[in-house]
2 protein chains.
Amino acid sequence: MPDVIPEDSVGLVTEQTHRFTEPLQLRSGRVLPEYTLMYETYGTLNADCSNAVLICHALSGDHHAAGYHQMSDKKPGWWDNAIGPGKPIDTNRFFVVSLNNLGGCSGSSGPTSDNPETGKQYGPDFPIVAVRDWVNSQARLADVLGIDTWAAVVGGSLGGMQVLRWSIQFPQRLKHAVVIASAPKLSAQNIAFNEVARQAIAKDPDFHNGHYAEHGTIPKAGLMQARMLGHLTYLSDDAMRQKFGRELREGKLNYSFAPEFQVESYLHYQGEKFSTRFDANTYMLMTKALDYFDPAADYDSDLVKCLGQTECEFLVLSFTTDWRFAPERSEEIVQALVKAGKPVSYACIESDSGHDAFLLPIARYHQMLRAYMNRVATDSGNGGGK
Amino acid sequence: MPDVIPEDSVGLVTEQTHRFTEPLQLRSGRVLPEYTLMYETYGTLNADCSNAVLICHALSGDHHAAGYHQMSDKKPGWWDNAIGPGKPIDTNRFFVVSLNNLGGCSGSSGPTSDNPETGKQYGPDFPIVAVRDWVNSQARLADVLGIDTWAAVVGGSLGGMQVLRWSIQFPQRLKHAVVIASAPKLSAQNIAFNEVARQAIAKDPDFHNGHYAEHGTIPKAGLMQARMLGHLTYLSDDAMRQKFGRELREGKLNYSFAPEFQVESYLHYQGEKFSTRFDANTYMLMTKALDYFDPAADYDSDLVKCLGQTECEFLVLSFTTDWRFAPERSEEIVQALVKAGKPVSYACIESDSGHDAFLLPIARYHQMLRAYMNRVATDSGNGGGK
């Protein structure tokens with residue numbers, strides 16, 4: 001709750017929407033006849049439209065990446081620590097675009113939107129979108145904003161997958177790709193975690209096969225469990241040890257099934273909070289997009305061949321204790337880029353925070369990001385724009 | 001399904017029970033007025049009762065560790081690969097005792113038993129037992145069987161915790177302790193996984209706060225999710241990659257929420273199977289026993305001081321890709337024993353199989369176990385008994 005907006009904040013920002021009436025052909029074979037994207041922009045687009053940076057969000061993210069919607073907001077956007085005047089993604093230099101992805105539940109068309117063909121809420125009938133569908137829709141948003149080429153496309157986790165897809169799908173429309181805490185595809189274990197989370201939602205009797213809105217229910221328990229499990233995979237074992245150890249809520253064991261350890265209360269709190277703000281069908285759909293992501297599949301499962309299509313420069317970042325997308329997964333991307341003869345910088349950042357690290361203002365991480373974005377600025381003719 | 005019982009099998013075995021009428025004081029403060037333990041024995045107790053080996057089971061194990069109950073059994077007991085004539089735990093030399101723990105659902109007193117005080121099933125009112133309670137009840141079983149001192153107490157995972165507790169609680173009643181794929185206490189992450197599993201069960205509307213029997217229901221969905229999650233933590237990322245990769249059930253993506261990847265089907269199958277054989281209240285209770293286990297807590301949280309109480313020799317084994325109880329957790333035990341000046345042998349066994357490895361007939365693992373059990377046999381005067 002900022003009494004005064006901090007000086008290095010983008011300040012008060014306004015959500016914008018654009019309605020796209022040209023049908024979008026999806027990977028699944030289905031077609032979205034029309035759709036809306038909700039987005040925010042920070043900074044100013046320069047005269048030759050060369051300083052635009054696209055931010056791609058992760059599983060439960062949205063378009064509100066930086067700044068405040070109103071003075072009474074308790075918290076700024078989800079990546080406010082990295083985006084702002086003088087910050088690593090410096091809004092004095094860059095025109096930053098952040099959108100809510102298709103299928104989301106924060107303003108863009110998704111399961112909670114009305115289906116124009118029926119006039120009723122999509123619910124579970126909203127098509128399962130793939131990462132390439134997001135990238136196609138993001139390219140159309142770029143067209144609307146007059147951006148032919150992004151100075152950089154940036155994202156962490158599932159966001160990083162969108163960045164990779166951009167570099168393959170529209171090689172000439174981005175100059176730099178920043179892929180953080182990501183992977184070239186999910187492992188069987190990653191998929192398994194997603195499926196357990198989906199099962200928690202699907203088996204909640206309030207889910208009604210996704211038609212909960214019609215039943216006036218919300219699959220709160222299922223969403224809560226899915227989020228608890230998600231959180232578990234975002235935090236490292238070390239981080240949990242440091243944060244909670246085996247501390248007891250009431251200082252003693254109660255021999256009951258109520259939460260007794262601090263870590264249990266924390267997960268309950270996180271799950272509870274999430275279950276009231278996020279849409280279950282969106283959660284199902286986003287995890288499927290993760291499972292399906294495998295860009296090399298179109299290139300005989302050869303990641304070198306796949307990334308051979310790219311024409312941008314890459315920064316790849318990973319974090320030492322991330323076990324959801326471990327450094328080895330980022331290194332697969334780096335190795336493939338090197339073999340394909342593409343320009344890539346890589347760093348594995350020391351951090352105790354697991355996968356969550358990509359959202360945190362870790363000094364070394366932000367130094368790397370800042371240094372790389374300085375190069376991006378120079379490349380886009382905005383080197384002196386500070 | 002053995003047409004002929006294999007030569008190295010203990011053969012057909014018979015379950016036995018003993019009813020204990022002396023009340024058992026539990027860690028929680030509650031008292032079990034009377035209780036039954038179900039157990040099996042393999043091999044023959046020698047004249048001076050010096051060749052007895054106790055097997056302690058893990059989370060979902062039971063007393064049926066080796067052999068067959070009838071010729072039509074599809075599978076032998078859960079640790080048949082290690083227990084039998086000529087096997088690492090050689091029944092030509094040892095008298096092996098394996099029991100179902102208190103609170104279990106395979107014949108010993110637990111939530112599915114009748115409460116003698118009410119004549120009705122215990123259900124969720126069965127007391128939450130701690131590892132020390134199990135060890136106390138196992139000591140009484142030893143008394144009944146005429147075993148003053150175990151040649152060895154052996155267990156993996158939660159079973160290994162019972163072994164540790166034995167060595168602290170009854171230092172003079174065992175000569176050797178074999179602690180496999182275990183830990184001196186759960187980490188916050190371990191506890192968190194257990195809590196997510198418990199929540200899956202507790203939030204299943206068929207659970208009825210544990211009173212499902214009275215409602216004629218079974219919390220199948222919850223148990224299934226708990227087991228799917230459990231399985232995920234038993235397998236290593238590598239094992240899953242080798243076993244499933246990203247193979248699709250039908251060779252192509254369906255863009256639906258039904259299981260599409262092989263790993264999803266496998267987890268569904270495992271969860272489904274488990275949900276029809278295991279009792280939900282027992283699952284809740286067993287995971288609590290895991291969470292609570294922390295023997296050093298009684299010794300100013302000093303594991304060296306705690307293990308300083310022990311008088312037996314130790315074999316500690318871990319597995320390279322086990323991330324539920326990683327090698328580092330076993331090494332905490334080893335380091336504490338070394339600091340306390342206690343005799344300990346340790347090996348970290350190369351394996352791709354994650355935590356599950358402790359149940360598998362991995363050559364190097366069984367060699368280590370066999371060699372150590374040879375020493376146990378020599379110590380107990382049964383060195384030449386082959």
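In this predicted model, Glu260(A), leaving aside its neighbours within four places in sequence, is in contact with Glu247(A), Leu248(A), Arg249(A), Lys252(A), Leu253(A), Asn254(A) and Tyr255(A) of its own chain, and with Lys288(B) and Tyr292(B) of the other. The residue sits in the loop between H6 and H7 of chain A, and because its relative accessible area is 2%, under the 20% limit, Glu260(A) counts as buried. Its side chain makes a polar contact of 2.7 Å with that of Lys288(B), and the two residues also form a salt bridge.

Another salt bridge between the chains is formed by Glu264(B) and Arg198(A). Glu264(B) lies in helix H7 (residues 262–277) of chain B and Arg198(A) in helix H3 of chain A, so the pair joins two chains. Glu264(B) has a relative accessible area of 0% and is buried, while Arg198(A), at 1%, also counts as buried. Salt bridges that share partners bring Glu195(A), Arg198(A), Asp291(A) and Glu264(B) together in one network.

A salt bridge within chain A is that of Lys220(A) with Glu272(A). Lys220(A) belongs to helix H5 and Glu272(A) to helix H7 of chain A, so the pair ties together parts that are 52 residues apart in sequence. Both ends are partly exposed, Lys220(A) with a relative accessible area of 31% and Glu272(A) with one of 36%.

| Salt bridge | Closest N and O atoms |
|---|---|
| Glu260(A) and Lys288(B) | 2.7 Å |
| Glu264(B) and Arg198(A) | 2.8 Å |
| Lys220(A) and Glu272(A) | 2.7 Å |

Over all chains the structure holds 32 salt bridges, and the count between chain A and chain B is 6. Across this interface there are also 23 residue pairs in polar contact, both residues at pLDDT 80 or more. On the side of chain A that touches chain B, the elements that give two or more residues are helix H3 (188–202), helix H5 (220–234), helix H6 (237–244), helix H7 (262–277) and helix H8 (280–292). Of these, H3(A) gives the most, with 10 residues. By residue class, this side of chain A divides into 30 nonpolar, 10 polar and 13 charged residues.

In total, 53 residues of chain A are in contact with 53 residues of chain B. The two chains bury about 4600 Å² between them, 68% of it on carbon and sulfur atoms. Arg246(A), Tyr255(A) and Phe257(A) supply 19% of the area that chain A buries against chain B, more than any other three residues.

The largest nonpolar core has 214 residues, and those with the most contacts inside it are Trp150(A), Trp79(B), Ile89(B), Trp150(B) and Ile180(B). Leaving aside neighbours within four places in sequence, Trp150(A) is in contact with residues including Val53(A), Leu54(A), Val97(A), Trp166(A) and Arg173(A). Apart from this core lies another, of 34 residues, among them Val13(A), Trp79(A), Ile83(A) and Ile89(A).

Definitions and conventions: Residues numbered from 1 in each chain as written. Chains lettered and ligands numbered in written order. Predicted model: local features only at pLDDT ≥ 70, side-chain atom pairs only at ≥ 80, totals over all residues. Heavy atoms only, no water. Contact = heavy atoms within 4.5 Å. Buried area = accessible area lost by both parts, 1.4 Å probe. Salt bridge = Lys/Arg side-chain N within 4 Å of Asp/Glu carboxyl O. Polar contact = N/O pair within 3.5 Å; in protein donor to acceptor, adjacent residues only side chain to side chain. Helix = DSSP H or I, 4+ residues; strand = E, 2+ residues; numbered from the N terminus. Nonpolar A, V, L, I, M, F, W, Y, C, P; charged D, E, K, R; others polar. Core = buried A, V, L, I, M, F, W, Y, C linked by side-chain atoms within 4.5 Å. Buried < 20%, exposed > 50% of the residue type's maximum accessible area, 1.4 Å probe, protein only.
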